[in-house]
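Here is a short note on the charged side-chain pairs. Please read it with the structure open.

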Amino acid sequence: MLDVNNLDYKLDQFPLLGQNYTFFDFRTDDGVVFTDYFVCDPFLISFKGKLLIFFEICGYVGDKYVTAIAKVETNESLTFIENFSVVKYANDKAGVNRTHTISYPYPIIVQGELYLVIEEYSQQLETQVYKYDLQLNNLDAVGSIPISIYDPNIHEIDGFFWIYGIDDEYSIRVFMAESITGPYIEHGSSGLYKGKDFARNAGAVFQWNGSLIRPFQDCSDSYGKSLGFSKISIDKASGFQILDDLPFNDLRITGRESNPYWATSKSHHFAVLNVSDNTICGLIDAARKLHITNHAWTDS
């Protein structure tokens, strides 16, 4: 919970994990058991009367290391979950291959259908658009953008679809299309913004006091150093624009080393739950827990 007036925030344990699962055993409804796991990049969306959370899960299934996009259904107070299932694996689990990853499942509803834009890496980085079938719990690839970007956001504004994220140089690349499936072309505003301290997206954009707010990562020292928020605007003429940081731009949300649920004081993803004039409440992906022992990243 971020208190705008007092420029302070409070971090609590994500109740779904603590209430329903142990730290060492994460079991899907179809019987897949992840051990030594962590979850990250949560996105929330209401669809067909359900509140869905899409997220990345990484861990071991048996003796195989697996990265996947998963989904749970919950309520607005996040007091229970059901229908927990894997939506898409990064690989076929045939072997331990840490170079295959899948993450950042950004959801959007278009004409009553649910789509996800996902960052994937196999032989190379890819940014794909998928249509999601809730009843069958599967994804069908329907589009992509010409180049690959990290942590892609997507919006529909005035009849156009916009996808933007950073390249390897921390430059924000911007693409637009007249259809969710594309074809996407690079907009003139692509590449105007560059910087490790603000360029990388950090979760779904949301409305607050009449403004469009983009969570971003401060990666100036390392990946996911902290979270910040900025006002943005997007239109066909000007493309993607960062208007300014919020009044509390000097406040950076981090994890908390004294809290056992975070391993470090890092923070890199924000999923808004609700807002008021003075507060912004959301889920924060802060850092991997201390028990993680054998993942591909060195800061586990």
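The points below take the salt bridges in turn.

1. This is a predicted model. In it, 6 salt bridges are found. The points that follow cover some of them, including a network.

2. K50 pairs with E73 in a salt bridge, and their closest N and O atoms are 3.4 Å apart. K50 belongs to strand β5 (residues 50–61) and E73 to strand β6 (residues 64–74), so the bridge ties together parts that are 23 residues apart in sequence. K50 is partly exposed, at 32% relative accessible area. E73 is buried, at 5%.

3. The K50 and E73 pair is part of a network. K71 is linked with K50 and E73 by salt bridges.

4. R200 bridges to D151, with 2.7 Å between the closest N and O atoms. R200 sits in the loop between β15 (185–186) and β16 (206–208), while D151 is in strand β12 (residues 150–157); the pair therefore ties together parts that are 49 residues apart in sequence.

5. Are R200 and D151 buried or exposed? R200 has a relative accessible area of 11%. D151 has a relative accessibility of 3%. The cut-off for buried is under 20%, so R200 and D151 both count as buried.

6. D221 and K225 also form a salt bridge, at 3.0 Å from N to O. D221 is exposed, with 61% relative accessibility. K225 is partly exposed, with a relative accessible area of 31%.

7. When checking these pairs, keep the general point in mind. Side chains of opposite charge can pair when their charged atoms come close.

Terms used
Residues are numbered from 1 along each chain as its sequence is written. This is a predicted model: local features need pLDDT of at least 70, side-chain atom pairs count only at pLDDT 80 or more; totals for chains, interfaces and linings use all residues. Side-chain values use heavy atoms; hydrogens and water are left out. A salt bridge is a side-chain nitrogen of Lys or Arg within 4 Å of a carboxyl oxygen of Asp or Glu. Helices (H or I, at least four residues) and strands (E, at least two) are DSSP runs, numbered from the N terminus. Buried means under 20% relative accessible area, exposed over 50%, partly exposed in between (1.4 Å probe, protein chains only).
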